[in-house]
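Hello,

Here is the structure I said I would pass on. Have a look at it first, and my notes follow below.

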Amino acid sequence: MTGIEELLLSRIRDVADYPEPGVMFKDITPLLADPAAFTALTDALAEISVRSGATKIVGLEARGFILGAPVAVRAGLGFIPVRKAGKLPGATLGQTYDLEYGSAEIEVHAEDLSADDRVMVVDDVLATGGTAEASLRLIRRAGAQVAGVAVLMELGFLGGRARLEPALDGAPLEALLKV
């Protein structure tokens, strides 16, 4: 385990039975409250984004906003929020996706992305991969290219990587921690 992995893991708190019995929630708020850990996380995600040749960062609502915005600033890139449907003003492009029970929709301002953009998706956790997969489809529908996906933590037992690989179409998926 590397020094940054140890630092990040030491600042993630396990919360048993949240949001429902049997779930072990990975709480990143202690990491965000620690300036050294938050800076190390931001630097690592920014390095991945620059290495990938990204021109824009997409942050997925809501913790992807917290991580993606400082990553974009650190990397010298633009930041684009991908929000739940109905939260962005003006014309948007939407993408629906399936949840365990039902479906959801995310949206982006399509004019914020162009064919010249290579987009890195930044989020806190890759779980089942549904939101990330929908974001990749949305980015391509907006005419941009996918540079990859970078997350703080991958919950490998939920199979998100396998679900995401076809949508990545060869673009990298990088997780700083695998749980």
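Phe-79 is partly exposed, at 27% relative accessibility, and so is Phe-65, at 23% (partly exposed lies between buried, under 20% relative accessible area, and exposed, over 50%, with a 1.4 Å probe and protein chains only). The two rings have their centres 6.4 Å apart and their planes at 90°, which makes the pair edge-to-face. Rings of Phe, Tyr and Trp (its six-membered ring) pair if their centres lie within 6.5 Å, with planes under 30 degrees apart counted as stacked, over 60 as edge-to-face and the rest as tilted. Because Phe-65 sits in helix H4 (residues 63-75) and Phe-79 in strand S4 (residues 78-84), the pair ties together parts 14 residues apart in sequence. Helices (H or I, at least four residues) and strands (E, at least two) are DSSP runs, numbered from the N terminus.

This is a predicted model: local features need pLDDT of at least 70, side-chain atom pairs count only at pLDDT 80 or more, and totals for chains, interfaces and linings use all residues. Residues are numbered from 1 along each chain as its sequence is written, and side-chain values use heavy atoms, leaving out hydrogens and water.

Now to helix H6 (residues 160-168): Gly-160, Leu-164, Ala-167 and Leu-168 are buried there. Seen down the axis, the buried residues of H6 fall within an arc of 95° (taken from the directions from the helix axis to the C-beta atoms), so they line one face of the helix. Ala-162 and Pro-166, on the other side of H6, are exposed. Just after H6, Asp-169 takes a positive phi of about 50°.

Best wishes
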